Amino acid sequence: MQQQIQQKISDAIACKHLNVINESHMHSAGSDSHFKVIVVSEEFAGKRLLQRHREINEILKDELANHIHALAIHTYTPDEFAEHDGEAPDSPNCMGGSKSA
C-alpha cells in the first residue's frame, strides 16, 4: 500500500520531495492502514491548505474508500518546507473506529 500511495502521488504531482510513511505499527489495527504523506511541490504555490488536501484526497480516493483508515497529509511548497526545516509534525494518536458499512 505504501508503494502504491507513493506511485499515485508521484504520477499526479511534480514533487520536489515525497515521503510516504507507514505508521500502522503505531496503531492496533494490525494492517497497513495508517499513513503519513509529506508532499513538497511548486504546484502548491498559491493554493490554500484545503485545496492541497483535496487534491491528495482525490488522487487517493480509492485507497481512502477501501484500504486506508487514517491519512495524515502535509503539503508544502519548497519554500514552506524549508521554513519548517524539512520536518512535518507528528501524526496524532489513533482514536480507533472502524469502517463499518
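Predicted model: local features only at pLDDT ≥ 70, side-chain atom pairs only at ≥ 80, totals over all residues.
**Group meeting: a buried arginine and an aromatic pair**

The accessible surface of this chain amounts to about 6,200 Å², and carbon and sulfur atoms account for 47% of that surface.

Let me begin with the overall layout. The chain contains 4 helices and 3 strands. Read from the N terminus, these elements follow the order α-β-β-α-α-β-α. The chain has 101 residues, of which 36% count as buried. As for contacts between residues at least 6 apart in sequence, 61% of them join residues at least 24 apart.

I turn now to one residue, Arg52. Where in the chain is Arg52 found? Arg52 belongs to helix 2, which covers residues 49-59. Is Arg52 buried or exposed? Arg52 counts as buried, because its relative accessibility is 6%, below the 20% cut-off. Leaving aside residues up to four places away in sequence, Arg52 touches Phe44, Lys47, Thr75, Tyr76, Thr77 and Glu80. With Thr75, a polar atom of the Arg52 side chain lies 3.2 Å from the backbone oxygen.

How many aromatic pairs does the structure hold? The structure holds 1 aromatic pair. Its members are Tyr76 and Phe81, with 5.4 Å from centre to centre and 40 degrees between the planes, a tilted arrangement. Tyr76 is buried, at 7% relative accessibility. Phe81 is likewise buried, with a relative accessible area of 13%.

Note on methods:
Residues numbered from 1 in each chain as written. Heavy atoms only, no water. Phe/Tyr/Trp six-rings, centres within 6.5 Å; stacked < 30°, edge-to-face > 60°. Buried < 20%, exposed > 50% of the residue type's maximum accessible area, 1.4 Å probe, protein only. Helix = DSSP H or I, 4+ residues; strand = E, 2+ residues; numbered from the N terminus. Contact = heavy atoms within 4.5 Å. Areas by Shrake-Rupley, 256 points an atom, 1.4 Å probe, with all protein chains shown as cover. Polar contact = N/O pair within 3.5 Å; in protein donor to acceptor, adjacent residues only side chain to side chain.
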